[in-house]
Amino acid sequence: MATWGKCYDLTGARHGIPTYPWRCAPDGMATRRQLRARGLRPGGQPIAAQVLRPRYWRGPLVAFLYRLDKAKPVRPMTPAKRAALDRANTARRTCPQCRTDAGYVIPVSLGVCVPCAYPDDQNKE
């Protein structure tokens, strides 16, 4: 069972890297999501620290921190990458049975669009 005391390890003696309680990260460090919100990426730097949030029914939540001064800007989207993403998203929306664009991502649990998965339900109305 994690407690707040176990989440505070500035030297890294317990966890191997400096560890802070949730929402107590020092200035100059950010998680991947926080970096992305600033238009940055870790850029190959090692994990500088972590923050832990205790949970009593499972292990603690962990968020790794990276240094802001070593972060690099996010690479811009190239036309080729945008085209590849558009093709991939189109493939996810195309029903393999009726070959039409469903207008939404086909659920993996069904494997086909909803009208193809439940043809009898469409005729009852």
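This is a predicted model: local features need pLDDT of at least 70, side-chain atom pairs count only at pLDDT 80 or more; totals for chains, interfaces and linings use all residues.
Figure 1. Two or more lining residues are given by each of three elements, namely strand E2 (29-30), helix H1 (32-37) and strand E5 (61-67). Of the elements that contribute, E5 supplies the largest share of the lining, with four residues.

**Figure 2. The lining of the largest pocket, viewed by residue class, includes nonpolar, polar and charged residues.** Nine of the lining residues are nonpolar, two are polar and three are charged.

**Figure 3. Arg23 has a positive phi value in the loop between strand E1 (19-21) and E2.** The phi angle of Arg23 is near 70°, which is a positive value in a residue other than glycine. The loop that holds Arg23 runs between E1 and E2, and E2 is also one of the elements that give two or more residues to the lining of the largest pocket. With a relative accessible area of 79%, Arg23 counts as exposed because the cut-off for that class is over 50%.

**Figure 4. Arg99 also has a positive phi value, in the loop between helix H2 (79-93) and helix H3 (114-117).** For Arg99, phi is near 60°, again a positive value in a residue other than glycine. The residue is found in the loop that lies between H2 and H3. Its relative accessibility is 62%, and Arg99 is therefore classed as exposed, the cut-off being over 50%.

Figure 5. The protein chain has 125 residues, of which 22% are buried. Where contacts join residues at least 6 apart in sequence, 46% of them link residues that are at least 24 apart. The accessible surface of the protein chain is about 9200 Å², and carbon and sulfur atoms account for 54% of that area.

Terms used: Residues are numbered from 1 along each chain as its sequence is written. Side-chain values use heavy atoms; hydrogens and water are left out. Ala, Val, Leu, Ile, Met, Phe, Trp, Tyr, Cys and Pro count as nonpolar, Asp, Glu, Lys and Arg as charged, and the others, Gly among them, as polar. Buried means under 20% relative accessible area, exposed over 50%, partly exposed in between (1.4 Å probe, protein chains only). Contact means heavy atoms within 4.5 Å. Accessible areas come from the Shrake-Rupley method with a 1.4 Å probe; for residues, only the protein chains shown count as cover.
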